[in-house]
Amino acid sequence: MGKQYEIPLGAQHISLLEPLHFKFTTENEKIVDTTANIFYVHRGIEQACCSKFKFRQVSFVVGRVCGLCSISHSTAYSQVAEKLVKIEIPRRAKYLRMLVIELDRIHSHLLCLSHVAENSGFEALFMKTMQYREFSMELLEAVCGNRIQYDFSIVGGVARDLKPAVGQMILERLKKFKPQLDELVDIYENNWTLSLKNKGAGAITKEDAMRLNVVGPFARAAGLAIDVRNETEDLLPWKEVGFEMVLDTAGDVHARNMVRLHELYVSMRIIENIIARLPESALITETKAFPDGEAVVRIEAPRGELFYYAKGNKTQVLERLKIKAPTFSNVSAMVEAFKGNEYGSVPAIIASYDPCLSCTSR
Amino acid sequence: MKTFFKALGNLFRKPVTIKYPFEQTYIPDDYRGMIGFDENLCIWCRRCEMVCPPGAIVFSQDMDGKQTYHFNRAVCIYCSECVRACPKEGAIFQTAEPAKCALKEENINNGWNALFDEALKSRADYAAEKKRLAAEKAAVLKTDDEKK
């Protein structure tokens with residue numbers, strides 16, 4: 001047995017996007033133990049939502065929890081608030097919410113993939129992926145009026161309608177993106193340098209994933225069939241628009257890349273179906289009721305299952321709002337998956353987890 | 001070999017980036033830009049102020065009852081919640097023009113906080129004054145009644 005060294009990584013580090021701190025115990029180059037500290041960016045959003053803002057304004061506040069999955073947060077909050085005030089939203093609003101969630105998934109997954117490439121030392125692929133990602137940002141801007149903070153879901157429905165011209169634009173851009181995505185899949189799957197770095201790195205078994213409660217692409221790459229879109233039908237009709245589960249078995253960085261890339265095909269199909277079958281109805285259900293009782297909502301954010309709990313007391317201000325972000329569920333598995341890997345492959349592994357710390361510590 | 005030819009081909013391709021300050025980036029027609037206000041149409045119900053999530057709109061009131069609209073473009077999140085809440089079409093509206101950056105000279109945070117508090121105080125003062133006048137008037141009426 002060699003001498004053990006402790007190497008800290010973070011909370012500020014060039015390979016980290018987020019303020020995340022790891023402490024690795026290494027033997028030569030092999031990692032034998034890891035501890036993680038994730039609460040560096042606590043902003044007290046839950047407390048603000050329960051004291052400073054009225055319940056209709058909270059959907060804009062929680063949209064600022066995270067820049068990448070803004071729409072997932074505001075949709076989840078809107079749904080939980082709609083349960084509290086006991087209203088059913090129009091069908092068109094449901095479809096438009098799904099449309100923006102899927103567009104958001106495209107841009108979030110491409111961002112994660114690009115960072116895996118960058119942290120694996122493949123800067124050119126990072127640039128290429130970012131270049132291809134631009135179309136999704138522009139589509140989101142055309143649909144929601146802003147590139148990142150969408151403010152699209154509000155309590156009772158959605159804020160804006162989809163113009164037919166914008167729908168046509170989305171279809172055209174998606175058609176243009178398909179060959180680009182094929183190219184990306186080819187590079188991520190077959191590139192020799194990237195495979196050397198990514199295959200077998202950060203692997204986690206299906207049993208471990210099950211035991212450690214992993215969610216999102218992280219779990220699906222390990223062969224665990226977990227997807228909220230597959231489980232809930234009442235709030236957003238995912239199966240109607242052609243949702244399919246993407247699974248892999250290896251559980252390593254390469255498998256996670258593949259799951260994300262193939263999920264983009266599913267997202268594109270869902271968007272095409274939504275635009276083809278967009279029902280005609282109002283956008284908002286108006287109500288003057290105040291939130292009362294307790295409710296729970298789960299939604300599939302790009303990183304996994306997002307959980308919202310809210311409690312109302314018949315006033316304008318909520319009594320309690322609890323957000324559980326997907327990264328929080330994955331932290332224990334993150335720590336586990338480092339074991340036995342080389343220290344040099346750590347940046348790529350961290351990027352492949354797609355950690356979102358501003359969601360986690362709120 | 002394939003990669004080599006691709007790299008050679010890329011040498012002759014145009015760059016995908018744009019020269020930003022000289023060339024405008026993509027902005028859709030219904031971009032969420034500056035909030036406009038039409039004083040002539042406003043019915044002074046203050047509903048926009050009530051619904052605004054960050055508190056970027058506030059109305060102050062003079063002693064003669066005239067209200068003034070204040071808007072802070074740096075605090076605003078351009079969610080257009082005020083436009084949806086407005087009962088009078090066109091009194092408050094959203095344009096596609098992106099907001100200008102805030103400057104240090106404008107003292108946009110502290111100055112705005114002071115203005116916000118002042119505006120609320122001016123309204124409270126006006127309400128108190130109105131209440132006092134009403135009470136005085138009632139007292140005068142009461143004494144008149146007693147004299148009769």
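Student: What makes up the lining of the largest cavity, by class?

Tutor: In this predicted model, the lining has 11 nonpolar, no polar and 2 charged residues. Cys and Ala count as nonpolar, and B:Cys42, B:Cys45, B:Cys48, B:Cys86 and B:Ala91 are the closest to the cavity's centre among its 13 lining residues.

Student: Why is this space called a cavity?

Tutor: The name applies because a 1.4 Å probe fits there but cannot get out. About 90 Å³ of space lies in the largest cavity, and the count of cavities of 30 Å³ or more comes to 4.

Student: Now to the strands. How do you know that E2(A) and E3(A) pair?

Tutor: Pairing takes at least two bridges. Strand E2 (residues 21-27) and strand E3 (residues 30-37) of chain A are joined by 7 bridges, so they meet that rule, and they run antiparallel. One bridge sets A:Thr25 against its partner A:Asp33 in E3(A). The two strands form a hairpin with 2 residues between them, and A:Asn28 in the turn has a positive phi of about 55 degrees.

Student: What is the strand order in the open sheet of 3 strands in chain A?

Tutor: The order is E6-E7-E8, with antiparallel pairing.

Student: Why do E6 and E8 of chain A stand at the edges?

Tutor: Strand E6 (292-301) and strand E8 (320-324) each have a single partner strand, so one side of each is left without a neighbour in the sheet. From one strand to the next, the twist averages 10 degrees.

Student: How many bridges link E6(A) and E7(A)?

Tutor: There are 10, in the antiparallel sense, and A:Glu300 stands opposite A:Glu305 in E7(A).

Definitions and conventions: Residues are numbered from 1 along each chain as its sequence is written. Chains are lettered from A and ligands numbered from 1 in the order in which they are written. This is a predicted model: local features need pLDDT of at least 70, side-chain atom pairs count only at pLDDT 80 or more; totals for chains, interfaces and linings use all residues. Side-chain values use heavy atoms; hydrogens and water are left out. On a 1 Å grid over the protein atoms alone, a cavity is a set of points where a 1.4 Å probe fits but cannot get out, and a pocket is an open set with protein on both sides within 12 Å along at least five of seven lines; lining residues have an atom within 4 Å of a point. Grid points are joined across faces, edges and corners, and a volume is the space filled by probe spheres set on the points. Helices (H or I, at least four residues) and strands (E, at least two) are DSSP runs, numbered from the N terminus. Axes are lines fitted to C-alpha atoms, for helices over the stretch in contact, and angles run from 0 to 180 degrees between N-to-C directions.
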